[in-house]
Every structure is written in C-alpha cells, then in structure tokens.
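Subject: Handing over the model

Hi,

Here is the structure I promised to pass on. Have a look at it first, and then read on for my notes.

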Amino acid sequence: MPYGSRLAAMMTRRIGRECVYTPSARLALYLALRRWCRPGARVLMSPVNDDVILFVVLAAGLRPVQAPVSPWDGNIDPAAVPESTWRNVDAVLTTNLYGMPDRVVELRRRCDELGIPLFEDAAHAIGAHVDGQPIGTFGTAAAFSLSKHVAAMAGGFLAVEDARTRRELELLRDDLLTPRRLREDLSTTLRPLARSAVRTLHLVRPVWRTMQRLRLLERDDFRMALHAPRLAGSARHAPSLAAYEPWVRVDLHGFRTRHGSLVRGQLELRMALLDGDLARRRAGVSLLSGTTWATPALRDRTGDGPPSLFRVPLLVGNRDALLERLVDHGVVAGYVYDPPLDDYAGAEFTEPSPAPEAARWFASHTLPADPLVARRIADALTKEGATPAHPPTWRNGERFGRAPEGARG
C-alpha cells in the first residue's frame, strides 16, 4: 500500500481529485514543479507570498517571475500582467493568499490559451470554492497543507487529475523522502499539543517574549536571511532540493521526513475534525469582515456567507507597531509577507514585477488575523486605536488597482 494512502484517500473524497500524501505542502509543490516544468522555465507568481515558496521554485531549477497583484487581496491580477510577460512564461503559480481565492477561472483560461500548466498553491485554501468548485481542482496540480489547519503542524497533499499521474508522483516523492526518526515523530506529534496548552493557559505573551530574548526563532524579521552569495552558489546544483534545503526547511525542518504511523494516525484524527475547524473559521471571518479594517475584497465575498479563511487580511495603518503590541494581548500574528519577494530577493534571483506598488502597499499594511481568535483580535485593535488603511487607486499617474464598487480610494 502506498505511503500515506489512507490520508490521501480522505483528501480525494473531499475534493474529488487523485491525491498524493506528502509530509508538507512545500514538498508537494516541488513535486509538481519538477513533474511539469523543464529546468530554466519561467513561473509567474505573486510577490506577496512566503519566501519558502520562492526557494522551492529556485530549488526546482526555475526562474520566478513576479506578477502585478490586486491591492485588495495580494493575489495575481491577470489583467495587469503585460502581454509580453504572458508570452514569455512557462507556468503560473497561484497563492490563494490567506484563503482568498485567486482569479482561477481567468488564470486557467489564459494558461489553456498558452498551453502552459497552472499550479495552485492551496496551502491556505482548504475548503475554499469559486463558483461552487473547490480550489485545488482548477489547475494541473494543487498543493495543500494540513499544517495550516486543525493545528496539525505537519502533512500535505498534491492533488492531480488522474491515477496514472498520481502513481508517477508517488515514486518521485518516495525518492525525495528522508528516513523516519522516532524522535522527530514524537516531536511532530507533541508540538500541536504544546501550542494548544500555551494558548489555553494564556501563556502566549511570556512564551513568545522568552523565545525572542533567547533568539530561538529562525527569523529575525518577517523574511528569513537571504544569504545571497550562498544562494547564488546553490544554483549550480539546481534542480536540487538538497542544495536549497537550508532555505526550504525554515520553520519546518521535517518538510520531507517520512512520517511514521504515530504522526499519520494523529493526522487522520485531526483531518476528521476539519469541517468543524472550517465552520469556526467562517464564524470568525463573519465577525472580522464587519470591522472597519476589513478589505473590501472580503466584504464582497461574504454575500453568499463568509468564506473559511486561514487568516483574515485586515488593512491597518502603522501595521508593524500594532503587530508588536498585539503580543501584549496574547496574539502573535504571523504569516506577514513583507517586503514583496522581488524587493526581498532582487533581480539576481527573481524577475521583478513591472508594477510593484500594489504589492508593496498590500504587504506593508496587511495584518493577518486568525479567525479562530477573531473576538480577541478585534477587541485588541479597538483598544489600540488601530486605524484602517485604504489604498489609492492612482499613484504617480499610473493605474494602481481596481477598486471594488463602493470602495474608498
């Protein structure tokens, strides 16, 4: 029986596509890129994304191309991508940032016209739909993450269109997995329980401050250190996951470690709780979408009921100071993707966006709010006097973003 087949079957029943189980979404994405892209291929992606994803693309031997984005959700704005860029990309990678769906219908249409694959990064978007169709079923392949949901902190899937492709990818996955270690299995199993205990006992602030003082966090800022000379040297070995492992493994060192039955059994139990988790997230999204800090893109999506988001993108002034003060309220708001990837990595490692201002604005004003603690965050922002931020529609005479109907400029 293939590794992780029971978990894969659970995900297949959920979205209706063949699924490959992986220890992480980043490994799932790497599998897809290696399977469908030749070395040197150019991949269009949003610059408002986790830096780990940039390094996964580089590890696959590909050239990241940063796209213009919507200032309302940070996802690719297909209409703003120049035709010259469309003609020179070999694949498109969505983000579904914080669970807000990409414009997948339009992206799929453009990819079909160009004869190139569409990859869906659905790590934030389990349970998201567009026109009644699940995110993860529009593209050539889609990477999902369990570590972002039901407090699993491990596990991922690659969803594909047919069983033959699934079997091919299972073989490629097995070649990339590193051996299981009992100590790592125990750590992976216990970490979610420890985090839950910290929250239950209201120890978030002292634990986080202690980790900061002892320098136990892998990132000193929102982005990890680039180490440009060493990163440039790794390109000589690409495609190679091992050559880029110092970057790809940040925040999840076991991203390609084979999980034993202890971890997989826990993940099966947690996955059975997924619908309840999504329902609680929808309730939190409903609360936060009614606040003054909610992006109009979120308000527009709540007409048919609130979506189930991994994080709710709130737009606030003085964001960085607010993030620091929220810790005193027992809230650590991670998943901040600032600066955009082209500003972070530079032209040596990625092709910059032709229209970077929307990404810069969105990345510097977005506060990702966990909908599971929506009331606590809303109360904290109110006490701190947080002001809403509204992006301009025009800047320096150039189009900056298409404001939703009724939105303020």
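To start with a question: does aspartate 370 count as buried or exposed? Aspartate 370 counts as buried, since its relative accessibility is 8%; the word buried is used for under 20% relative accessible area, exposed for over 50% and partly exposed for what lies in between, with a 1.4 Å probe and protein chains only.

Before the rest, some ground rules. This is a predicted model, so local features need pLDDT of at least 70 and side-chain atom pairs count only at pLDDT 80 or more, while totals for chains, interfaces and linings use all residues. Residues are numbered from 1 along each chain as its sequence is written, and side-chain values use heavy atoms, with hydrogens and water left out.

Salt bridges

Aspartate 370 is in a salt bridge with arginine 281, at 3.9 Å from N to O. (A salt bridge here is a side-chain nitrogen of Lys or Arg within 4 Å of a carboxyl oxygen of Asp or Glu.) Arginine 281 sits in helix H12 (residues 274-289) and aspartate 370 in the loop between strand S11 (366-369) and helix H17 (374-383), so this pair ties together parts 89 residues apart in sequence. Helices (H or I, at least four residues) and strands (E, at least two) are DSSP runs, numbered from the N terminus. Arginine 281 is buried as well, with a relative accessible area of 3%.

The search of the whole structure turns up 27 salt bridges. One of them joins arginine 6 and glutamate 268, with 3.3 Å from N to O. Because arginine 6 belongs to helix H1 (residues 5-15) and glutamate 268 to helix H11 (residues 261-271), that contact bridges 262 residues of sequence.

Arginine 17 counts as buried, with 10% relative accessibility. There is also a network of salt bridges that links Asp50, Asp51, Arg219 and Asp251.

Aromatic rings

I get eight aromatic pairs in the structure. Rings of Phe, Tyr and Trp (its six-membered ring) pair if their centres lie within 6.5 Å; planes under 30 degrees apart are stacked, over 60 edge-to-face, and the rest tilted. Phenylalanine 55 and tryptophan 247 have ring centres 6.1 Å apart and planes at 35 degrees, so they are a tilted pair. Phenylalanine 55 is in helix H3 (residues 51-59) and tryptophan 247 in helix H10 (residues 245-248), 192 residues apart. Phenylalanine 55 is buried at 0% relative accessibility, and tryptophan 247 is buried at 1%.

Phenylalanine 55 also pairs edge-to-face with tyrosine 344, at 6.4 Å centre to centre and 75 degrees between the planes. Since tyrosine 344 is in helix H15 (residues 341-345) and phenylalanine 55 in H3, this pair spans 289 residues of sequence. Ring pairs link Phe55, Tyr244, Trp247 and Tyr344 into a cluster.

Two arginines sit over ring faces: arginine 35 over tryptophan 36, 4.8 Å from the ring centre, and arginine 258 over tyrosine 3, at 4.7 Å. (The rule is NZ of Lys or CZ of Arg within 6 Å of the ring centre and within 35 degrees of the ring normal.)

Backbone

Most residues other than glycine have a negative phi, and most peptide bonds are trans. Which peptide bonds are cis here? One joins alanine 238 and proline 239, with omega about -5 degrees, and another runs from aspartate 338 to proline 339, with omega near 5 degrees. Proline 239 is in the loop between helix H9 (228-234) and H10, and proline 339 in the loop between helix H14 (319-326) and H15.

As for phi, aspartate 131 has a positive value near 55 degrees, and this residue is exposed at 74% relative accessibility. Alanine 151 also has a positive phi, about 55 degrees, and is partly exposed at 35%.

Cheers
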